[in-house]
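Subject: Structure handover

Hello,

Here is the structure for you to look at. My notes follow below.

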Amino acid sequence: MSAITEPNVSSTSTTAPPRRRRRRDHTYLFMALPAVLLFFVFHTYPAIQGILYSFTNFRGYGDYDFVGLRNYLQIFQDERALAAYRFTFVFAVLATVLVNIIALTVAIGLNGNIRFRNFLRGIYFLPNILSVLIVGFIFNYLFANLVPRIGEALGIAALSRNILGDPQLAWTGILFVAVWQAAAFNIILYLAGLQTIPYDLYEAADIDGAGTWQKFRNITFPMIAPFFTINMVLAMKGFLQVFDQIVALTGGGPGTSTESVSFLIYKGGFDGGQFAYQSANAVLFFIVLVVVSLAQTRILQRREVEA
């Protein structure tokens, strides 16, 4: 019966009067137009305005003049900006590697046939729904009060002081908090990938006498390669834009030892009277993010094909 009626439905949709099709198209247009306008007003227009300001000497108030590429050229001679770029890239690379190793390991464990599996999945996902700033302030208190007491009780000199007050160690506190919270989202993505692997492959590997490492290397990792690519790109992009953890934990200090590029743009642009200069820095950093993301995606997708 359905085979008889289906052609009629298709015929009705393709032979609808032109006036009716135009009315339907206008309906979709009116549904999409508010979102497009809001996106342009609150995202595209400020971005275009920021690009224009990057070619001026605007300080955030008063008059301004166009200065061409002077702001962009000064960034490459600004030791503070270069230090922020170095800190950001080292931090992002370390955090990306750590969070993917931890997330993949935990996801493999949570994908196994263990007791309380669903409960543990919920527990591991909790950090992802917490506010980054609130988590940062909580860890700020722990690093300043609880950890030194534990270090003194155990006789560990490195933990007997607030590491956030040490210019050489403050970044490790930020790294710990960032990885702890970011791992939750990556675990979910890896779990989704692991559940797409047919169990028959593991049974065939068991019959062939493959060990745990061989099954991971030849079955698990190749099968979740697209998820590995997504996790690496998203993690790298997120950690390059690290901001909230720095605000909550160190405020860029001690001194300028933990200033990331995003934090420097915010601090210099809104507090330091460098609105135009930091707008140029933001444009340059946006280009860097695009280049890194495209290069990372291209390299990892090529590796997926080889795997």
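A contact here means heavy atoms within 4.5 Å. Helices (H or I, at least four residues) and strands (E, at least two) are DSSP runs, numbered from the N terminus. This is a predicted model, where local features need pLDDT of at least 70, side-chain atom pairs count only at pLDDT 80 or more, and totals for chains, interfaces and linings use all residues. Residues are numbered from 1 along each chain as its sequence is written, and side-chain values use heavy atoms, with hydrogens and water left out.

Confidence comes next. pLDDT is the predictor's confidence in each residue, from 0 to 100. The protein chain has a mean pLDDT of 88, and 91% of its residues reach 70 or more. Helix H4 (residues 79-111) scores highest, at a mean of 95, and helix H1 (residues 2-14) lowest, at 45. Over residues 1-14 the pLDDT is below 50, and beyond near neighbours in sequence this stretch has one contact in the model.

Now helix H6 (residues 132-154). It has a kink of about 40°, centred on Phe-143. (The bend at a residue is the angle between axes fitted to the seven residues ending there and the seven starting there.) Phe-143 is also among the buried residues of H6, along with Val-135, Gly-136, Phe-139, Pro-148 and Gly-151. Buried means under 20% relative accessible area, exposed over 50%, and partly exposed in between (1.4 Å probe, protein chains only). The buried residues of H6 pack against H7 and helix H11 (244-249). Just after H6, Gly-155 takes a positive phi of about 75°.

On the surface there is a nonpolar patch. Phe-116, Phe-119, Ile-123, Leu-126, Ile-129, Leu-130, Phe-176 and Trp-180 form it, with about 840 Å² of accessible area together. Patch residues have over 30% relative accessible area and no salt bridge; nonpolar side chains (Val, Leu, Ile, Met, Phe, Trp, Tyr) are joined within 5 Å, like charges within 9 Å. A salt bridge is a side-chain nitrogen of Lys or Arg within 4 Å of a carboxyl oxygen of Asp or Glu. Areas come from the Shrake-Rupley method with a 1.4 Å probe; for residues, only the protein chains shown count as cover. H5 gives the largest share, four residues. Leu-126 lies in H5 and counts as partly exposed because its relative accessibility is 42%. Phe-116 sits in the loop between H4 and H5. Its phi is positive, near 55°, though Phe-116 is not glycine.

Lastly, the peptide bond from Gly-253 to Pro-254 is cis, with omega near -5°.

Best wishes
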